[in-house]
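Here is my note on the model, written for someone who has not seen it before. Please keep the structure open while reading.

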Amino acid sequence: MASASSQPSLAVGFPSLDPGVPSCTVSSASGIKSPMASEVLYASGMPIKKTGHRGVDSSGETTYKKTPSSALKGAIQLGITHTVGSLSTKPERDVLMQDFYVVESIFFPSEGSKLTPAHHYNDFRFKTYAPVAFRYFRELFGIPPDDYLCSLCSEPLIELCSSGASGSLFYVSSDDDFIIKTVQHKEAEFLQKLLPGYYLNLNQNPRTLLPKFYGLYCVQAGGKNIRIVVMNNLLPRSVKMHTKYDLKGSTYKRRASQKEREKPLPTFKDLDFLQDIPDETLRMLTTSTTLENLNVQSQSSPIKRKASEDLVRDSASL
């Protein structure tokens with residue numbers, strides 16, 4: 001059976017770091033050359049326009065950490081299919097403290113193995129964080145394994161356009177039930193540390209307004225780790241969006257720039273929200289009584305709670 005290296009034409013996706021490929025560089029005052037922030041060279045030699053780890057090559061395809069979006073989507077679906085399927089063979093049991101820190105790993109060679117199917121991407125490794133704990137969360141949210149797999153893996157994932165400064169990629173399942181987001185290492189690490197408290201909160205507040213996390217995974221390929229989180233999708237694509245606000249609960253430098261305002265569908269910020277929304281509507285949305293009724297304050301971190309209080313105070317002074 002031929003290996004991936006003997007069939008380069010079939011291995012699309014995860015690029016390796018080729019020292020023979022020239023880099024797009026600029027010279028600094030010290031004489032040291034460094035890659036330009038806005039443009040680097042892809043392994044194939046095609047230029048990529050970058051925002052964080054997200055890029056777009058000359059063919060128009062989105063990349064993340066130099067991995068084409070199509071290859072990343074395929075790896076995600078192969079990995080989730082395997083991890084959910086293998087988990088279904090294990091008996092259900094109570095979640096233990098050590099379950100929150102388990103990381104399972106499976107290697108996907110392009111030619112396939114006894115445990116994994118053959119595929120037309122380069123070799124990659126798929127990691128699943130806290131599989132037993134997230135299985136419990138999915139059951140608590142009323143999501144059977146078959147429905148989870150059917151939504152995420154039966155049809156191609158749909159990439160969402162993102163203008164965010166973080167450079168994250170967003171995918172949505174074909175039925176609009178789930179959204180997948182790439183996250184930074186520190187974000188994934190922080191979420192894993194929160195899992196014990198998240199578990200307690202879900203048991204104490206079944207109708208919680210906290211985000212619903214269904215899975216935390218990592219695609220490891222080309223020397224890069226691409227971490228993703230699966231969450232509930234609150235905004236179906238069928239809903240037409242007329243106005244967007246990115247609210248952080250702070251007013252410091254929180255106004256959309258002129259460049260942003262010139263876009264067909266700009267993303268406004270907190271100060272724009274305070275200016276645009278009628279006073280009565282604003283008071284209804286931001287009063288502490290409303291927040292308490294929604295059970296938000298008791299579930300927010302001290303930082304987020306302080307930000308909410310700042311927004312209430314700022315709106316009251318208008």
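1. Basis. This is a predicted model, in which local features need pLDDT of at least 70 and side-chain atom pairs count only at pLDDT 80 or more, while totals for chains, interfaces and linings use all residues. Residues are numbered from 1 along each chain as its sequence is written, and side-chain values use heavy atoms, with hydrogens and water left out.

2. Overall make-up. The protein has nine helices and 16 strands (DSSP runs numbered from the N terminus: H or I of at least four residues for helices, E of at least two for strands). Of its 318 residues, 37% are buried (buried is under 20% relative accessible area, exposed over 50%, partly exposed in between, with a 1.4 Å probe and protein chains only). Among contacts (heavy atoms within 4.5 Å) between residues at least 6 apart in sequence, 58% join residues at least 24 apart.

3. Helices 2 and 4. The axes of helix 2 (residues 131–140) and helix 4 (residues 185–204) come within 11 Å and cross at roughly 25 degrees. Helix 2 is therefore roughly parallel to helix 4. Axes here are lines fitted to C-alpha atoms, for helices over the stretch in contact, with angles from 0 to 180 degrees between N-to-C directions; angles under 35 degrees count as roughly parallel, over 145 as roughly antiparallel, 65 to 115 as roughly perpendicular and the rest as oblique. Helix 2 contributes Phe-134, Tyr-136, Phe-137 and Leu-140 to the contact, and helix 4 contributes Leu-195, Tyr-198, Tyr-199, Leu-202 and Asn-203.

4. Helices 1 and 3. For helix 1 (residues 69–87) and helix 3 (residues 145–153), the axes come within 10 Å and cross at roughly 170 degrees, so helix 1 is roughly antiparallel to helix 3. Residues making this contact include Ile-80 and Val-84 of helix 1, and Tyr-148 and Leu-152 of helix 3.

5. Aromatic rings. The structure holds 13 aromatic pairs (rings of Phe, Tyr and Trp, the last by its six-membered ring, with centres within 6.5 Å; planes under 30 degrees apart are stacked, over 60 edge-to-face and the rest tilted). One of them, Tyr-136 with Phe-137, is edge-to-face, at 6.2 Å centre to centre and 65 degrees between the planes. Phe-137 is buried, at 0% relative accessible area. Ring pairs join Phe-100, Phe-134, Tyr-136, Phe-137, Tyr-198, Tyr-199 and Phe-213 into a cluster.

6. A pair across the chain. The ring centres of Tyr-245 and Phe-268 are 5.7 Å apart with planes at 40 degrees, so this pair is tilted. The pair links distant parts of the chain, with Tyr-245 in strand 15 (residues 244–245) and Phe-268 in strand 16 (residues 267–268), 23 residues apart. Tyr-245 is partly exposed at 25%, whereas Phe-268 is buried at 16%.

7. Phe-178. This residue belongs to strand 12 (residues 178–183) and is buried, with a relative accessible area of 4%. Leaving out residues up to four places away in sequence, Phe-178 touches several residues, among them Ile-143, Tyr-148, Leu-152, Tyr-214 and Met-231.

8. Positive phi. Most residues other than glycine have a negative phi. Lys-66 has a positive phi of about 70 degrees, and Ala-130 one of about 45 degrees. Lys-66, in the loop between strand 6 (62–64) and strand 7 (67–68), is partly exposed at 31%. Ala-130, in the loop between strand 9 (124–129) and helix 2, is buried at 0%.
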